[in-house]
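This report goes through one structure step by step, from its core to its charged pairs. Please keep the sequence and the model in view while reading.

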Amino acid sequence: MISHAYLRLGRPEESTRYLTRAKNRAPHDPEVLRAVAGEYRNQGQYDLAIQTLQAVPGKAPEVLAELAYTYQLAGKQQEAANLYTRLAKAAKGNIGLDLSALRPG
């Protein structure tokens, strides 16, 4: 993403501008929102990443897993555990989710 390039160049304000532009152009596109959230997460802006993932309409299980992971990175262990547990119950037999539900930290 262009945003990432600007960040690497030491121009965080330009990076933020591109992320905002992407969200405004496709406010309901799950893939765009996930990409923007991923960039926020890479920048350590976990609250913005969480807010962006929460805005994804009709959250598919992979979006919810990404949200749980972001909660975990943000130090919100209880939210991560609750979401991982919910996902593990809904996706019986998914060992990755089962393990995440057991120990999200």
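A nonpolar core is a set of buried Ala, Val, Leu, Ile, Met, Phe, Trp, Tyr and Cys residues joined through side-chain atoms within 4.5 Å. The model shown here is predicted.

**The core**

The largest nonpolar core of this model has 19 residues. Those that touch the most other members are Val36, Tyr40, Leu53, Leu67, Tyr71 and Leu83. At least two residues of this core come from each of helix 2, helix 3, helix 4, helix 5 and helix 6. The biggest share is that of helix 5, which gives 5 residues.

Leaving aside residues up to four places away in sequence, Tyr40 touches Leu19, Lys23, Gln45, Leu48, Ala49 and Thr52.

Thr70 belongs to helix 5 and is buried, with a relative accessible area of 0%. Beyond residues up to four places away in sequence, Thr70 touches Arg41, Tyr46, Ala49, Ile50 and Leu53.

**Helix 2**

Helix 2 runs over residues 12-25 and has 14 residues. From its first C-alpha to its last, helix 2 reaches 20 Å, close to the 20 Å expected at 1.5 Å a residue.

Which residues of helix 2 are buried? They are Glu14, Ser15, Leu19 and Ala22. These residues lie on the same side of helix 2 because they cover an arc of only 140° around the axis. The buried residues of helix 2 pack against helix 1 (2-8) and helix 3 (30-42). On the face of helix 2 turned away from the buried side are the exposed residues Glu13 and Asn24.

The side chain of Glu14 is joined to that of Arg17 by a polar contact of 2.7 Å.

**Helix 4**

In helix 4, the residues Ala49, Ile50, Thr52 and Leu53 are buried. They cover an arc of only 165° around the axis, which puts them on the same side of helix 4. The cover over the buried residues of helix 4 includes helix 2, helix 3 and helix 5.

**Salt bridges**

How many salt bridges does a search of the whole structure find? The search finds 5 salt bridges. Among them are the pairs in this table.

| Salt bridge | Closest N and O atoms |
|---|---|
| Glu66 and Arg34 | 2.7 Å |
| Glu66 and Arg41 | 3.1 Å |
| Asp47 and Lys76 | 3.4 Å |

Glu66 and Arg34 form a salt bridge that links distant parts of the chain, with Glu66 in helix 5 (residues 61-73) and Arg34 in helix 3, 32 residues apart. Glu66 is buried, with a relative accessible area of 12%, while Arg34 has a relative accessibility of 22% and counts as partly exposed.

Glu66 also forms a salt bridge with Arg41. Glu66 lies in helix 5 and Arg41 in helix 3, so this pair ties together parts that are 25 residues apart in sequence. Both Glu66 and Arg41 are buried. A network of salt bridges links Glu31, Arg34, Arg41 and Glu66.

Asp47 forms a salt bridge with Lys76. Asp47 lies in helix 4 (residues 46-54) and Lys76 in the loop between helix 5 and helix 6 (77-90), so the pair ties together parts that are 29 residues apart in sequence. Asp47 counts as exposed at 52% relative accessibility, and Lys76 counts as partly exposed at 29%.

**Thr85 in helix 6**

Thr85 is found in helix 6. Is Thr85 buried or partly exposed? At 30% relative accessibility, Thr85 counts as partly exposed. A polar atom of the side chain of Thr85 lies 2.8 Å from the backbone oxygen of Ala81. Thr85 and Ala68 are 17 residues apart along the chain, and their C-alpha atoms are separated by 9.8 Å.

Methods:
Residues numbered from 1 in each chain as written. Predicted model: local features only at pLDDT ≥ 70, side-chain atom pairs only at ≥ 80, totals over all residues. Heavy atoms only, no water. Helix = DSSP H or I, 4+ residues; strand = E, 2+ residues; numbered from the N terminus. Expected span 1.5 Å × (residues − 1). Buried < 20%, exposed > 50% of the residue type's maximum accessible area, 1.4 Å probe, protein only. Arc of directions from axis to C-beta. Contact = heavy atoms within 4.5 Å. Salt bridge = Lys/Arg side-chain N within 4 Å of Asp/Glu carboxyl O. Polar contact = N/O pair within 3.5 Å; in protein donor to acceptor, adjacent residues only side chain to side chain.
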